[in-house]
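Here are my notes for the colleague who asked for a second reading. They are set out as numbered points, each of which can be checked by eye.

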Amino acid sequence: MRFPIKTKSSNWNSAEGRKLSFLKRFKESLVRSTGLSNKKRVFRDRAILIFNNTSEVIRAESVLKAKGWQLKVMGPPPEIQSGCDLVIEIPLIEKLNILRVLEESNNLPLDTAPVSSTLLKPVDIYQIKDFGDYLMVRAANMKLTIDKRTKVIVNISGGGCPDVPYLAGEMVGRHLDESPTPRDIGHTLCGYALQLAYEEMRRKCTP
Amino acid sequence: MYAIVGTVPDPSFPLTAAPVTMRDNQLKCGDMAINVNRGTPALIAASLKVGEVLNLEAPIAFLAGDTGIGKGSRELYAFLESELGSFGLSILCFHYLQPDVDWHFRILESIRSSGSSPVLIADAGFMYAAKMSGDAEEYDLFTPDVGELAFLADEKAPHPFYTRGFILHEENKVPELITRAYQFRNAAKHLLVKGETDRIVCQGAIIDCIDSPKTEALEAIGGTGDTVTGIVTALITSGIPVDQAAGLACRVNRLAGYYAQPDPATQIADIVDQIPKALEETLGKE
């Protein structure tokens, strides 16, 4: 067994540096709000994995789900929000195993922290709209439309992060089964929402 | 002079700051050619179409390639922080940029310290950052759709993905959401709320509603929100007050959509083509 596993600690670029300063403030506020030291807080049963950006979260989630973990992707606590973030909520007791798997796949988080307050839950309501020959699925702020006759993706709309036009360029015109997925080529929360719409569309199109 | 700030979905696209023109449905910015498609290119194309009719000077485009990693957005932010004040801009429209509260603050500080007071318009990722930063009131116009309005109304949401109580397409909740967005000071001075019924809001009061023509397929077409933001930006540049320009832009955008006779597979370039005709007709009526 390799022990202990450390999170990333060097070569920060400026974005990572800013994220780390958020993390420092977050940890300080945890101590202030709970009056507990870091040592005592390890007895809480949930923790969050904090990454530099959403693409890293998406990659780590894919790796962990492939290994059988049922994890929740959530919104970060306010202290570390920078505008386009996700964190992965994990059972604290599984932290070492999880970090080991992430290390092996070169997906280590920036840091881990105990859950100190209610995390924001992603929107999980879908809206389906039938246009006759076309079917649209909406998840959060993203919409994906296919031609029902051919299962070809004909439009993607909504969202405001820069990977939305990129994802649309890569996916529109492709068959639902042959299109690259937002999970593989997306990087932001809008990309993540589009993945949810894509998965729901596939469920709708599965006989 | 007006400027549009955004990204192009091509990682090899360099940081570019230059007047932008359009020929044969292709944008030209500096040495770079850009296809008209959803996102900032659609916004620019729509504003140029309005400019054709109203004889406006070409806008400056501040663009960088970004496919969501944020590198291009950060390079653009850094450029704007140091250079924006030197352009003497009267209207600034911010669009598809990686939401980043820290960089938003630095850009706003740069504008404040330049001593100028340009009309500030924000949509998409930069609007998300503006709300998150607590500086929404500094802006003259936000152009959210109903989902993004719910995000503005939720004082705790850092992104539309997390909006609490996000009820899909409950249009009847829009007035309540508008009130709440202003109550928590998360709205610009004006809102152009895109929906089944478009609503124009000034300091919390709904001053105009636009619900025709109704073209159902437009909801599925990527870029229809971008075009309305481009239209309103150009109309404001022409001297029309923000509240009037917002209502006019919604009417023009709807009419352009109607003229394109779209189905859900129609692409935004087909609607952009119809903007001059729709603008001339709408101006003729008014």
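The points below go from confidence and chain-level organisation to single residues.

1. The coordinates come from a predicted model, and confidence should be read before anything else. Chain A averages a pLDDT of 79, with 74% of its residues scoring at least 70. Within chain A, the mean falls to its lowest value, 39, in helix 2 (residues 38–41), while strand 8 (residues 152–158) has the highest, at 97.

2. Two stretches of chain A call for caution. Over residues 1–13 of chain A the pLDDT stays under 50, and the model has 14 contacts beyond four places in sequence for that stretch. Residues 29–43 of chain A also stay under 50, with ten such contacts in the model.

3. As for its overall make-up, chain A has seven helices and eight strands, and buried residues make up 45% of its 207 residues. Among the contacts in chain A with a separation of 6 or more, 64% are accounted for by residues 24 or more positions apart.

4. Chain A is divided into domain 1 (14–114) and domain 2 (126–205), and seven residues of domain 1 of chain A are in contact with seven residues of domain 2 of chain A. On the side of domain 1 of chain A that touches domain 2 of chain A, three residues are nonpolar and four are polar, with no charged residues.

5. Chain A contains an open sheet of four strands in the order 2-3-1-4, with antiparallel pairing. Strand 2 (72–74) and strand 4 (111–114) of chain A stand at the edges with a single partner strand each, so one side of each is left without a neighbour in the sheet. On average, and with direction ignored, neighbouring strands of this sheet are turned by 35° against each other.

6. Strand 1 (residues 46–50) of chain A pairs with strand 4 of chain A in the antiparallel sense over four bridges, and Ile48(A) has Ala113(A), in strand 4 of chain A, as its bridge partner. Helix 3 (residues 54–66) of chain A lies across strand 1, strand 2 and strand 3 (87–91) of chain A, and runs at about 35° to strand 3 of chain A.

7. The contact between the chains takes 44 residues from chain A and 43 residues from chain B. On the side of chain A that touches chain B, the elements giving two or more residues are helix 1 (14–34), strand 6 (134–139), strand 7 (142–147), strand 8, helix 5 (163–171) and helix 7 (189–205) of chain A. Helix 5 of chain A gives the most, with six residues. By class, the residues on that side of chain A divide into 21 nonpolar, 17 polar and six charged.

8. In chain B, helix 5 (residues 146–153) is mostly covered, since eight of its eight residues are buried. What covers the buried residues of helix 5 of chain B includes helix 4 (124–133), helix 6 (174–183) and strand 9 (190–193) of chain B.

9. Which residues does Gly247(B) touch, not counting those up to four places away in sequence? They are Ile200(B), Asp208(B) and Ile210(B). Gly247(B) is placed in helix 8 (residues 242–259) of chain B and counts as buried because 22 other C-beta atoms lie within 10 Å.

10. Ile210(B), in strand 11 (residues 205–210) of chain B, is buried too, because it has 20 other C-beta atoms within 10 Å, where the cut-off is 20 or more. Leaving aside neighbours within four places in sequence, the contacts of Ile210(B) include Gly247(B), Cys250(B), Arg251(B) and Arg254(B), as well as Thr197(B) and Asp198(B). Between Ile210(B) and Asp198(B), twelve residues apart in sequence, the C-alpha distance is 5.0 Å.

11. Some backbone geometry deserves a look. The peptide bond from Ser212(B) to Pro213(B) is cis, with omega near -5°, and Pro213(B) is placed in the loop between strand 11 and helix 7 (224–237) of chain B.

12. Asn106(A), although not a glycine, has a positive phi of about 60°; it lies in the loop between helix 4 (95–104) and strand 4 of chain A, and counts as exposed because it has 8 C-beta neighbours inside 10 Å. Lys151(A), in the loop between strand 7 and strand 8 of chain A, has a positive phi near 65°, and with 17 C-beta neighbours inside 10 Å it counts as partly exposed.

Conventions:
Residues numbered from 1 in each chain as written. Chains lettered and ligands numbered in written order. Predicted model: local features only at pLDDT ≥ 70, side-chain atom pairs only at ≥ 80, totals over all residues. Buried ≥ 20, exposed ≤ 12 C-beta atoms within 10 Å, placed from the backbone. pLDDT = per-residue confidence, 0-100. Domains from an automatic or database assignment. Nonpolar A, V, L, I, M, F, W, Y, C, P; charged D, E, K, R; others polar. Pairing = 2+ DSSP bridges. Axes fitted to C-alpha atoms, helices over the stretch in contact; angles between N-to-C directions.
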